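Subject: Structure for you to look at

Hello,

Here is the structure I promised to pass on. Please open it first, then read my notes below.

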Amino acid sequence: MRNTQERKLSRSQTLLWTGQMLHPDSPVYNMAIGYEIAAVIDPAAFKAAFRTMVAGCDVLRTVVISDDATPRQKVLSLPDFDLQFIDLSDRPDPEAAYKMWSADRSTRVFDLSETLFDSALIKLAPAKFVWYFNQHHLVTDGWSLTVLHAEMSKLYNLARNGQLPQEYETLPFADYLDFENRRKEELTDSPAAAYWQQKAENLPPPPRLYGEKGQGSTGRAERITLPLGTARSEALRALTKEKDLRAFTPDMSLFNIFTTVLFAFVQRVSGQNELLIGAPSHNRPTPAFKQTPGVFIEIFPLTATAAKGDTFTDLFRKVRSEAGQYLRYAQPGLSSPALSGSFNVFLNYISGKFGDFTGLPQRVDWLLPDYIDPAHHLRLHIQDFDDTGEFCLQFDLNTAVFDEQKRQNAPAHFLRLLDAFIENREQPIAACELLSDAEKRHLIYDLNNTKKDYTPAGQNLLTLFEMQVKKTPDAPALRFAEEVWTYREFNEKANRLARFLQTQGVDREQVIAICAERSLAMPLAIYGILKAGAAYLPIDPQHPVERVNFMLQDANVRLFLSQKHLTESLKPEGVQVINLDSDADRFTAFSGENLEQKPQPQDLAYVIYTSGSTGKPKGVAVEHRSIVNRLDWIKDLVQLDATDVYLQKTPYTFDVSVPEFFWALQIGGSIVMAQPGGHKSPPYLLDTIEKYGVTSIHFVPSMLRVFLEEKGLEKCASLRRVFISGEAISASLQNRFFNKFDLPLHNLYGPTEAAVEVTRWQCRPIPEDALVPIGVPVANTQIYLLDDELRPVPQGSPGELYIAGVQVACGYLNRPELTAERFVADPFSPDPGAKMYRSGDLARYRPDGVIEYLGRVDFQVKLRGFRIELGEIETRLEEHVAVTQAVAVVRENDKKEQELVAFYTGEKVPNDIPFIHHLAARLPEYMIPKHFVHLPEFPLGSSGKVRRKDLPQSNFVTEKTTTTYAAPDTQLEEIIAEMWCELLPAERVGKHDNFLDLGGHSLTAIRLVSRIADAFELNLPIDLVFKNPTLATYAAAVEGVMLEILAEESGE
Amino acid sequence: MQQQIITYIETELLAGQENLNLTADEDLLTTGLIDSLGTMKLIAFLEETYDITVPAEDMTIEYFMTVNDMAEYIAARRTANVIS
C-alpha cells in the first residue's frame, strides 16, 4: 500500500470542501450513479472485484480531516468497506422498491472523515441488476466515473473467471497533487492568471432567471430530463460540420452551440444582456491524468454581451471567441472562489460515455441527490452516457427559483430556442417564440379576465353626482375652512357657471383652463366646465408663465378660469380670463337647474400635462368613459358611505386628484378641501383629519414617509383607509405604516395616460427586502408585459408594461406622432381599433399572477411622486448660453434621499444661481436639479451616447469620508479583531472594517468559525459574518448567539 | 518547423504514449488524438515559438488538423503580420 501521509487538498478540492462546510447537512456533492445492467451478475464475483478496486484505488481510500479548519486528505491503507448485496427481486414492484431505496440512500450525507464513497449491488430480476455507486465530489468527477466504471468492468470480468490480480493499482491521484504544486509558481505571473484576475474583476451580476432572486434557496432542486431525440441530435451533429460552426473537435463545436443557446435562453428569460455562466474544465492535461481516478475539474466562468438584434450567429461568434479564451486559460490550479462562486447558471457538457459493462448491456442513471449548490439556480447537463447517439438534457432546477409551473416551462423554452438555432441561426434571438399557446393564453387572457358591466350604462363623470343631489340635497358636499356647500348649493353653482360658459361660446370637447389655488372655486370650476360639455385643463399657479403659455397654446385654450389675485401677476396670452371670485356675479343670473345636454361617454373630460422627453410637456386627453370606469371600479371595491369624508389634498395638476374630486360625491359623502400648500404640511394634515373626521386620504409614498414620522398620529382615529400611488412604495415604508395604523393600505399604480390608476394591491406586512406588488388590473383593463416584439414575456421575466382597455386615454393633445408612438394597436383585442398604452415601466408577474413594478425602461423618473423626463431638464439647461451639453440624473445622496443632479459641459459657471434662475422660468420647481456639476467632457460609450453610469458619483454630495479607524470597544470585539488580523491580510482591524472588503471569503469564514469554536465553545453558522460583515456588527451578532444560548440554558 | 511541432506534441501533449511516430500529415483532431484543451496548449506553443497571434476566429479545425496545416497557417499569419 502507498503512503498514508496527510496532504493538502488540491485547489478544486478546497473549493468543494468549503462548499460542503457552508452547507454541512446537504448532500449537494454526492455523485451517485445507478448502472442498470440487463444481465445476470454474480454477486460474489462482483463483491470481490469491487474489493480489489477499492484496495488499489487511492481516491476510494481517501478521507478528509479538518481538526483546525485546515482540511487535509489522507489515504487509508486498509479499505474498511464491504459492498452490500441487496435482493429486491422478490418484491411486488422491484423497480419502485429500488427507486425508494436509492432516493434515500443517495441523499445521505457523507462523514468526510469516515469514507467518501458508498456502493451496493441490487438485484431487481434474475437478469437485471443495478450497480449503485455514490462518491463524494471531493474524490471524483464525471471523467473519473468513466475511468472507475471501466476499471470495475475489467475487474468483474476477471473475477468471473477467477483471475483477479493480486497486484492491482490505479494511477495515483497524488501525482496530480504534485503536479499542481509544481505549477503553482510558474502560474503566479502567467497570462492565464492575469486573464482570470481580469475576468474576476469584471463579472456581470448573475441574472435573475424569470425575474427570481432565489431568495431563501436551500439548494433543493428537481431534475427534469429531456431527451433530444435522434433527429434533433443528428441535426446538431450535422451542424458541427458547417463552416461557421466548426471548431477543433465536434464536441467543442457542440459545446459552443449549447452555450449559445443557453446564453440566448438566459437573456430571454432574465432580460439581462450581460451574460454569465460557469462551466467545468476537465483539467486532465496529460494522457496519464486522463486515466487517473479523482477530482480534476475546475470551474471557470464564461461571459458574453448580447446586443439588441443579435442573431444566433452573432451570439455564437461571441461565444466561440469566449470559449477559445476559456480553453486557453482554464488551467489546473487557477480556479478561485471569486470565479467559481460568481455564476448561478452552470453548463456541464459531458462528452464521456460509459458504453457497456464488460460486454453486458447497460443503462446509466445519474441520480440527483435532490440538492444543488444553493447559489446555483439552473444546472444544465448534456450527455449521452449510453452512447445511443441521442443527446439527453438534464435540467437541475432550484426550487427557490423554479416553481412547479416554471419547472415544466423552462426546459420547453430552452428547447424552442435550440430548435430555432437548428432551423435558422440567422434569425434574431429576439424573434423566436418562447411560449406555448397555453402560456400565452394564460398571460394575455386569463390574467386579464376583468370584464365588468357597471350601471347605469352610458355614464359621464357627473351622472352619479347629479343623482346623489336629488337623494341628499341638503347634505354637506364640500368644505373649505369654515365654508360648507351642500349638494344642492354646489350643483346649482356649477350649473350656473356651466350656462355662463356656454354663453361664452363653449363647445363640446373644447378645453378650458383652470388656474386656481385650492378652494371651493376649484371644484366649482371643474364641475362647471364638465357640465358645459367641455374638458378642463388644470394649471398650477406656481408654474412659470412660459410653461403656462405653452400649455394654453398647445391645448388651444380660449377661456381661462382663475382667481383675481392670480391673474394680476400671471398674464396668460391669447385667452379670455374669467375670475371665479371677482366675476362671480356674472354667473348668478343663470338657472341652477341641471343642464339638459349631458356630456357623452366618448367626450373629453380633462387634459393633464405631464413632463415630455423632447423638452415640451404633453397634454394627456382623457374621456369621460375612461375616468368613469376608474371610479366605478373603486366604488365597487371599497364601499364609501354617506359618513365618509374624503380629503382633497392632491394638487389638481396631478391626475390622482380626479377621484378625490368625484368619488365621495357619488355616494353622499363629503369632501374637505385642504388649504393651499396644506398637502405638504403633516401637522396641518393631522389637524385637518382630526377636525373634520377625515376617513379617506391619498399619499404619495415619500409624503407618507414624512407623515408617519410626525408626532400626533393618534389624531387619525377617524381614518378608515389610505391610498397610495405615484411612486413605488418600499416594504419598509408600508411595514412602518402597519406599525402605526391598523387600516387597509391600497397601493395603486397607473399613468395619467390610462385614467389615473390601472392596478391595485392591498398591502400586507412583508419582509423588508421584498417588493410591494402593484397588484392586478382594475375592471375592464388589460395589463400586458411584453418584449420589444410586443409578445408576452415568460411569466416572471421582466417586460414592459402595456395597458389596454377602457381607461386608455385618447392620446396626447395635438401630438399625433408622439401619440402613435405611445398608443399602439392592441394585437390581443378582437376590436381592430383597440389601442394599448406603452407605459415605459418594467414589471413582472409573481407566480400567482400579481404584478411587481421593477422600474423605468427609459430615463423618465419619478421623484417625490412627480414624473420627470430627464430629457426635458437637459433640453432646458442646454438653452443656457454657458452650456454645451447637459445630462440630468437622479442620485441618492448620503441621507438616502433621491435628488436631481445635472452635469454639463461648456463654460464653467462659478455657482448654480444663473442656472436656477434660468430653469425656474421654464420648469416647475420639482424639476430643478439640486446640483450642477461641470465636466470637461462626458464619458461616451461606443455608440457615442453618454455613459450615464460612468458619470462621477461624488464631488457634488457630501464628500464620502474614508472610514476612519475606530478601535474595538468591547473585549469581544478585541478578540475577534485579533482573529481577523490573523486570518485576513490586514495590519489592524477597527470597528467599522468590513470582513469582505478586507478580502474575507468562505474559507476564511470557516477558519474564523473554527477559531471562535475553540475560544468560546460556540458553534456559529459560517454565513453569520456575511450577514454582519463589519467587526462591530459581527461581534454584536456573536454576542447575540451567546446570549440566546445562555437564555436557553437558564430556561432549562 | 514541422518536426519541432511534432516533438512538442509527442513530448508535451501526448507524453507517456509510446510508439506514436506522428507524421506531419496525420489527422490529429478528428481522430481525437488531441482534444480541445490540448489544441489550445498547442496554439499557445505555436504563438510563443513562432511569434504569431491566433485570433479567436481562426481557432477552427482547418488550420490545425495536421502539422502541415499548422505550418501553412503560421506562414500565412507571418506574412499577414508583415503586411499589416
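What is the mean pLDDT of chain B, and what share of its residues reach 70 or more? The mean is 84, and 95% of the residues in chain B get to 70 or more. Keep in mind that this is a predicted model.

Helix α1 (residues 2–13) of chain B has the highest mean pLDDT among the elements of that chain, at 89. Helix α4 (residues 67–83) of chain B has the lowest, at 84. For the complex, the predictor reports an ipTM of 0.83 and a pTM of 0.84.

Now chain A. It has 1052 residues, and 46% of them are buried. Its secondary structure contains 29 helices and 40 strands. The C-alpha trace of chain A spans about 120 × 65 × 65 Å along its principal axes. Look at the contacts in chain A with a separation of 6 or more: 70% of them join residues 24 or more positions apart.

Next, the place where the chains meet. Chain B brings 16 residues to the contact, and chain A brings 16 residues. On the side of chain B that touches chain A, two elements give two or more residues: α2 (36–50) and α3 (61–64) of chain B. Which element gives the most to this side? That is α2(B), with five residues. By type, the residues on this side of chain B are 10 nonpolar, five polar and one charged.

Best wishes

Methods:
Residues numbered from 1 in each chain as written. Chains lettered and ligands numbered in written order. Predicted model: local features only at pLDDT ≥ 70, side-chain atom pairs only at ≥ 80, totals over all residues. pLDDT = per-residue confidence, 0-100. Helix = DSSP H or I, 4+ residues; strand = E, 2+ residues; numbered from the N terminus. Buried ≥ 20, exposed ≤ 12 C-beta atoms within 10 Å, placed from the backbone. Contact = placed C-beta atoms within 7 Å. Nonpolar A, V, L, I, M, F, W, Y, C, P; charged D, E, K, R; others polar.
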